[in-house]
Amino acid sequence: MELQKINAKVIKQNEALSELNNTKDKFFSIIGHDLKGPLNSLTAFSQLLINHAAAQTEEEIRTVARDLDKSLKNLYELLENLLGWARSQTGRLEFVAENFRISEVIKESVRLLSKAAVNKQIKIEMMVDDEIEVHADLNSIKTVLRNLLSNAIKFTPGGGVISIFVDEWKDSIEIGMHDTGVGMSREVQDKIFDISAKHTSLGTNKEKGTGLGLILCKEFVERNQGALTVESEENIGSTFKFTLPKLAPSKSTLLEEVKEA
């Protein structure tokens, strides 16, 4: 019996080490490839401007500037996710739950990414009760919403629609984001939350991604005692939903409940 316990413990440790190696490999793959790519693009754009600006028309320079701007934004998004994910893995990212209105965080995310949506003529609809509150870590939920909305814009063609909605249940609040984008096959859906599976897709305007954003979203939602799910159909669209705990009761409410009991 004692030997069985030791064997079970060894197996569990080996599984943990295997998962850690997968995580490490994914991390270095992102740094080595996905971070290197945008930096190479930036170097190429800057060299073009330095060496051939005089031979370029004003419109050609504007085109290079737009591409340069897009590469910088992609690089910033990647670095932000990398740092957030790295901090969460090392335990240096502190989650402090507080009460806040989820509508305010949703509206902030929409404001931050509205230009990208306007550029693709994508309409963003919000069906949110301004009074609904959640009990979660504010900064991590901002990251989740920003990543989900950024992905929805990335994979929705011009003229599409993104709908953000909030439903209130008995013990939780559910936030959903539906897009009329390219959708995903079942095979792709099975990979998008797995850090050991190297999966990336180009957006409808050839926007690049690392696949790290959704993994980060899942981890952050779970750290807030919630769950993240996806429903998708190719050429129809995708719906991402995640739950968060409801507003924590105040001390006065708890005292009243004790008195009544």
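Contact here means heavy atoms within 4.5 Å. By that criterion, residues 24 or more positions apart account for 74% of the contacts in the chain with a separation of 6 or more. This is a predicted model, in which local features need pLDDT of at least 70 and side-chain atom pairs count only at pLDDT 80 or more, while totals for chains, interfaces and linings use all residues. Residues are numbered from 1 along each chain as its sequence is written, and side-chain values use heavy atoms, with hydrogens and water left out.

**Whole chain**

Show the chain as a cartoon. Its secondary structure comes to eight helices and seven strands; helices (H or I, at least four residues) and strands (E, at least two) are DSSP runs, numbered from the N terminus. Of the 261 residues in the chain, 36% are buried, where buried means under 20% relative accessible area, exposed over 50%, and partly exposed in between (1.4 Å probe, protein chains only).

**The sheet**

Select the strands of the open sheet, five of them in the order S2-S4-S5-S7-S6, with mixed pairing. Two strands pair if DSSP finds at least two bridges between them. S2 (123-127) and S6 (228-233) stand at the edges with a single partner strand each, so one side of each has no neighbour in the sheet. From one strand to the next the twist averages 15 degrees.

Zoom in on S2 and S4 (residues 161-168), which pair in the parallel sense over five bridges. Met 126 has Ile 164 in S4 as its bridge partner.

**Helices on the sheet**

Angles run from 0 to 180 degrees between N-to-C directions, and axes are lines fitted to C-alpha atoms, for helices over the stretch in contact.

The axes of H5 and H7 come within 9 Å and cross at roughly 145 degrees. This crossing is left-handed, meaning that the near helix is turned anticlockwise from the far one by less than a right angle; clockwise would be right-handed. Residues to display include Val 144 and Leu 148 in H5, and Leu 216 and Phe 220 in H7. By class, the contact has seven nonpolar, five polar and no charged residues. Ala, Val, Leu, Ile, Met, Phe, Trp, Tyr, Cys and Pro count as nonpolar, Asp, Glu, Lys and Arg as charged, and the others, Gly among them, as polar.

Turn to H4 and H5, whose axes come within 9 Å and cross at roughly 40 degrees. H4 passes H5 in a right-handed crossing. The residues of this contact divide into 13 nonpolar, two polar and three charged.

**The core**

Select Ile 102, Leu 145, Leu 149, Ile 162, Ile 175, Phe 240 and Phe 242, which touch the most other members of the largest nonpolar core, a set of 40 residues. Such a core consists of buried Ala, Val, Leu, Ile, Met, Phe, Trp, Tyr and Cys residues joined through side-chain atoms within 4.5 Å. H5 gives the largest share, eight residues. Centre on Leu 145: beyond its neighbours within four places in sequence, its contacts include Ile 102, Val 105, Ile 175, Met 177 and Phe 242.

**Last stop**

Go to Asp 67 in H3 (residues 58-90). Asp 67 counts as partly exposed because its relative accessibility is 30%. The C-alpha atoms of Asp 67 and Phe 45 are separated by 8.0 Å, with the two residues 22 apart along the chain.
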